[in-house]
Amino acid sequence: MDELEEGKQRFLEVVREVDETVQVVIPVTPSNSMFLISLTKGPNRKFITVPEDDIIDLPHEASIQTKVTKTIKDAIAAL
């Protein structure tokens with residue numbers, strides 16, 4: 001598994017830890033080094049942008065995990 005796939009897996013794990021009912025769609029490739037990620041809960045959908053480097057570093061760097069987790073929690077709270 002390459003770094004990007006590992007990061008995507010960790011992103012999905014973080015979402016599941018926050019709320020298991022949220023569906024996530026992560027694009028296969030980034031656009032302008034950013035991933036536009038869709039979070040859906042029931043009829044509500046929210047899009048968040050996450051830099052490609054943050055996805056790659058997510059499994060290994062605590063500061064990135066903290067930042068991305070906060071972004072996810074804020075987005076899910078808004079759903």
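**Inside the fold**

Trainee: Of the 19 residues in the largest nonpolar core, which touch the most other members?
Mentor: Heads up: this is a predicted model, where local features need pLDDT of at least 70 and side-chain atom pairs count only at pLDDT 80 or more, while totals for chains, interfaces and linings use all residues. Residues are numbered from 1 along each chain as its sequence is written, and side-chain values use heavy atoms, leaving out hydrogens and water. A nonpolar core is a set of buried (under 20% relative accessible area, 1.4 Å probe, protein chains only) Ala, Val, Leu, Ile, Met, Phe, Trp, Tyr and Cys residues joined through side-chain atoms within 4.5 Å. Among the 19 residues here, the members touching the most others are Phe11, Ile37, Leu39, Ile48 and Ile72.

Trainee: Which element gives the largest share of this core?
Mentor: Helix 1, strand 2 (34-41), strand 3 (44-51), helix 2 (52-57) and helix 3 each give two or more residues. These are DSSP runs numbered from the N terminus: helices are H or I with at least four residues, strands are E with at least two. The largest share, five residues, belongs to helix 3.

Trainee: What is Ile37 in contact with, leaving aside neighbours within four places in sequence?
Mentor: Ile37 is on the list of core residues that touch the most other members. Contact here means heavy atoms within 4.5 Å. With those neighbours left aside, the partners of Ile37 are Phe11, Val24, Val25, Ile26, Pro27, Lys46, Phe47, Ile48, Val50 and Ile55.

Trainee: How are helix 1 and helix 3 oriented to each other?
Mentor: Helix 1 covers residues 3-18, helix 3 covers residues 62-77, and they pack at about 50° with axes 10 Å apart. Axes are lines fitted to C-alpha atoms, for helices over the stretch in contact, and angles run from 0 to 180 degrees between N-to-C directions. Under 35 degrees is roughly parallel, over 145 roughly antiparallel, 65 to 115 roughly perpendicular and the rest oblique. That's why helix 1 and helix 3 count as oblique.

Trainee: Which residues of helix 3 make the contact with helix 1?
Mentor: Helix 1 brings Arg10, Phe11, Val14, Val15 and Val18 to it. From helix 3 come Gln65, Val68, Thr69, Ile72, Lys73 and Ile76.

Trainee: What separates the C-alpha atoms of Glu52 and Lys8?
Mentor: Glu52 lies in helix 2. Setting aside residues up to four places away in sequence, Glu52 touches Leu4, Pro30, Ser33, Met34 and Phe35. Glu52 and Lys8 are 44 residues apart along the chain, and their C-alpha atoms are separated by 10.0 Å.

Trainee: What is the relative accessible area of Asn32?
Mentor: Asn32 is in the loop between strand 1 (23-25) and strand 2. Asn32 isn't a glycine, yet its phi is positive, about 55°. Asn32 is exposed, at 74%.

Trainee: What about Ser33: what is its relative accessible area?
Mentor: Ser33 lies in the loop between strand 1 and strand 2. Ser33 has a positive phi too, near 65°, in a residue other than glycine. Ser33 is partly exposed, at 45%.

Definitions and conventions
Buried < 20%, exposed > 50% of the residue type's maximum accessible area, 1.4 Å probe, protein only.
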